[in-house]
Amino acid sequence: MARFLLRVLIFIYPLIFISCAGPLLPEDPFYLKESKDALGRANYWYLRGCYQEAERYYALALEQARLADNVSIIVMALNGRGTVLLAKGSLSEAAVLLERAIELSQSQADRPGLDGVWGNLGLLAFKAGRVDDARDFWQKAAEEARLGQRSNLIYLCNLARLEMKSGDEAKWKQLTAQAMEEASKEGAIERDKADAYNLNALLALKEGRRDEAESWLKMALELDRKNENQFGLANDLEALGSLEKQNEQNERAAASFDRAFYLFAALGDREAQKRILKELEALNSQSGFPKSLTTYRQVMAKPNLFDPINRQCP
């Protein structure tokens, strides 16, 4: 069974390309322009797992947005800093920032970024072990996104994974069906679509529909590779390894688990690494694949042996 995928929502400020053939767009005032630039840099580093650099730029974006009095970017920056703190395990500090973002957003008629902040509060509650609160926050996020005519796919996937983890197969199935419907709509984000496909594949695998599971996993892998989504790829490969193991394709299963192990290692997910190592040990005992477990055990003992994300950070 795949791990619970920790899904957060940050606001990616779009780059605007100006055609030389037409009139130039009016330039933003200084502090607004600086806040947008800092926010873009923060998002760039966050998506690459460089949390120290991301936090620095989110703090800068917040300062500049306050000087411009741009509420939307203030909310984005507070939410962004909250996501970084969540990733670093500083739950109490993250809660303070996310609650401030909620209050500020709700004070505005257009409630900027509110669904994303509810979503991250759901993640915070889940990481703190408050499952019922997490469910409530993600339901609020999904409804807020729907009312704003934005995709709520990321929240439906989180809710489906929550029910999958809790063992409520009926709710897992219902929410996965809703996620698949949302994924079929125009404008759905590819990372979120891949997550829905992964969920659908896991459901098919649990119900014994192996061919269908394989088809959905191939689609999920295609999208996650296209977007270099390491979280999604790790989950896809773990599920693929489980499928191949059921099909007694032991050499393929070992290769899939190998790739999942190193992705989880890069992401610093020790729990997932332990789970994959158990799968590899079982395969080695049953079939001789993989031929050696030494390197996996070395990486488990010394995580810095495979730490490519942190090494490429400033």
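What follows is a chat about how to read a few features of this predicted model.

Colleague: Let's begin with the whole chain. How many helices and strands does the protein chain have?

Modeller: For an overview, count the secondary structure elements. In this protein chain there are 15 helices and 0 strands. The C-alpha trace spans about 65 × 50 × 40 Å along its principal axes.

Colleague: What share of the residues of the protein chain count as buried?

Modeller: Here you go by relative accessible area, and under 20% is buried. In this chain, 48% of the 314 residues fall in that group. As for the surface, the chain exposes about 15,900 Å², with carbon and sulfur atoms supplying 50% of it.

Colleague: And contacts along the chain? What part of those with a separation of 6 or more comes from residues 24 or more positions apart?

Modeller: That part is 58%.

Colleague: Let's zoom in on one helix. Which residues of helix H14 are buried?

Modeller: In H14, which runs over residues 294-301, they are Tyr296, Val299 and Met300. Look down the axis of H14 and these buried residues fall within an arc of 100 degrees, so they line one face of the helix.

Colleague: What covers the buried residues of H14?

Modeller: The cover includes helix H12 (250-267) and helix H13 (270-287).

Colleague: Now single residues. Is Asn200 buried or exposed?

Modeller: Check its relative accessible area: at 15%, Asn200 is buried, because the cut-off is under 20%. Asn200 sits in helix H9, residues 190-206. Leaving out residues up to four places away in sequence, Asn200 touches Thr176, Met180 and Trp216.

Colleague: Where is Met219 found, and how does its relative accessibility classify it?

Modeller: Met219 is in helix H10, residues 210-226. With 34% relative accessibility, Met219 counts as partly exposed, since that class lies between the 20% and 50% cut-offs.

Colleague: What distance separates the C-alpha atoms of Met219 and Gln106?

Modeller: They are separated by 38 Å, and the two residues are 113 residues apart along the chain.

Note on methods: Residues are numbered from 1 along each chain as its sequence is written. This is a predicted model: local features need pLDDT of at least 70, side-chain atom pairs count only at pLDDT 80 or more; totals for chains, interfaces and linings use all residues. Side-chain values use heavy atoms; hydrogens and water are left out. Buried means under 20% relative accessible area, exposed over 50%, partly exposed in between (1.4 Å probe, protein chains only). Helices (H or I, at least four residues) and strands (E, at least two) are DSSP runs, numbered from the N terminus. The arc is that of the directions from the helix axis to the C-beta atoms. Contact means heavy atoms within 4.5 Å. Accessible areas come from the Shrake-Rupley method with a 1.4 Å probe; for residues, only the protein chains shown count as cover.
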